[in-house]
Structure formats: structure tokens, C-alpha cells
Amino acid sequence: MHQDFLPPGIVILTGAGISKESGIDTFRDKDGLWTRVDLEEVATIEAWHRDKKKVLDFYNHTRRGLRAAHIVPNAAHLALARLERDYEGEVVVVTQNIDPLHEQAGSRTVLHMHGRDGEVRCMGCGHVFASEADLSPQSKCPNCQAVGELRPNIVWFGEMPQHMDEIYAAIDRCVDLVQIGTSGEVYPAAGFVLQARRRARAHTVELNLEPTGNQPLFHEHIYGPATQTVPAYVERVLAGRWKS
């Protein structure tokens, strides 16, 4: 199909709810990670400068736990990968999750707002590279050789989310913005639905376990487990039935 006649794009915003059904605990639930640790001690740049070993040990331990659990993509991840594969227009997955489940399911265009597990960044030279090795204050950057400047490529509290220019551009050209498994109430993600409606005149859809505070901003609401609602919605889109 000629580029000028491609169907308009779809932007998918995913949050912790889509991965919870794969066995990854959400951070903010009553039993979530942030109820068990002090985020000021392990998830800020100030904490890293104050005690690099403590911060890095926390992420090493958390990462090893995830690997040991053998977590795999669920039906919702697989459905979104199918949407990108079979839909003739652009599909961009914007995720607030650091896990690689979208990529493991087969999605190719994935923008990780909060960074990605399995990646390391050098604070000295900015080099980002894939690595499953534990980090320590003695770790050396393979690019600039600096020692003690490596950290997980994860956005900590108070830091700017990643890929924002690409995300805003994708929203500006979309016809459908779908929010899955997230409250969408924390900025900048909270502003995506308004941008989609005002600038792109997009149809907006909320797929969640229950209504969120942003419910009035969506044209359509679908409630239930992501493993049930997402595959059904993808079937609808691929059949050409955009709106309920």
C-alpha cells in the first residue's frame, strides 16, 4: 500500500496492569514494591549519589527475582504484537513498564517512558547498553572506561521520562489512543489523552479493571482483565470496527 494511503496510526499506552497478569507486582498496590521499601532510599538520583552500593544491590536483587520467576508475555501483550503485525497503519506502544514483555511478545515499536530492565546507562558519557550483569560501584563503563558511573537505565523519581518527543509526535498523528492497565493520572502520561483529543481529534479508549479519574476524557470504556479485554479489542480493530 502506498505510504500516502496508510490507515491512520494507533497509540497504545500501557501501565502496570497489563503485566500484573504475567506475575509482575505493581509498584503502588497495597502489597506493591513501594509499600515494602523507601523509594527515597533506592529510587532517586540523590540516593544513588549518597549510597551507590545500596541502590545497585536493590536493583540487582529485584532483577534476579524477576529472572528466577520466568515471567512471560500474556494474552494482552501477544494481542498488541498481533495488532502491530496485522494492522496496515502505524502502531506505537508507549509503556510505563520497565519489563521487556512487549518486545518478547513480538512488538517492535515500543517506547519505554521509564526506561527498560536489562539496560545500563553511564552517567559519565551517557552510553546505554544491554547487560544482565550485576552492577557495583566498581563497575566500569565499556565506552568511556569510567568507574562507578553505571546505573540501571531506569527513570527514577524526579527524573524526566524518556522518548517524550517521539511519544508526543506519535500522539499528534494518531487516530486512536488506547490506554491499558494504568490510571493515567500522573503527568506527563496524564496529558496524553487530552493531547490526542485536542490536537489529533483521536478516538480515545480506556481498558482497565475499573474506572479511573480520567474516565470522562475517554470516548469509550472497557473494563475487565487485560488478558480478556485487549485481545477482544484488537479483534475489533482488525475487523474494521473502530468504535463500539
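## Helix α7 and its cover

A residue counts as buried when its relative accessible area is under 20%. In this predicted model, helix α7 spans residues 164-172, and its buried residues are Met-164, Ile-167, Ala-170 and Ile-171. Their arc around the axis is only 125°, which puts them on the same side of α7.

Several elements cover these buried residues. Among them are the strands β1 (9-14), β2 (91-95), β3 (110-112) and β7 (174-180). Helix α8 (192-198) also takes part.

## The sheet

Six strands form an open sheet with parallel pairing. Their order is β3-β2-β1-β7-β8-β9. β3 and β9 (220-223) are the edge strands, each pairing on one side only. From one strand to the next, the twist averages 15°.

## Strand β7 and its partners

β7 is largely enclosed by the rest of the structure, because six of its seven residues are buried. β1 runs parallel to β7, and six bridges join the two. Here Ile-10 stands opposite Asp-176 of β7.

β7 also pairs with β8 (residues 203-208), in the parallel sense and over five bridges. Leu-177 faces Thr-204 of β8, and Val-178 stands opposite Val-205 of β8. The chain passes from β7 through α8 to β8 in a right-handed β-α-β crossover.

## Helices across the sheet

Helix α5 (residues 75-86) lies across β1, β2 and β7. It runs at about 165° to β1. Helix α9 (residues 226-238) lies across β1, β7, β8 and β9. Its direction is at about 135° to β9.

Terms used: Residues are numbered from 1 along each chain as its sequence is written. This is a predicted model: local features need pLDDT of at least 70, side-chain atom pairs count only at pLDDT 80 or more; totals for chains, interfaces and linings use all residues. Side-chain values use heavy atoms; hydrogens and water are left out. Buried means under 20% relative accessible area, exposed over 50%, partly exposed in between (1.4 Å probe, protein chains only). Helices (H or I, at least four residues) and strands (E, at least two) are DSSP runs, numbered from the N terminus. The arc is that of the directions from the helix axis to the C-beta atoms. Contact means heavy atoms within 4.5 Å. Two strands pair if DSSP finds at least two bridges between them. A crossover is right-handed if, with the strands pointing away from the viewer, the path from the first strand over the helix to the second runs clockwise. Axes are lines fitted to C-alpha atoms, for helices over the stretch in contact, and angles run from 0 to 180 degrees between N-to-C directions.
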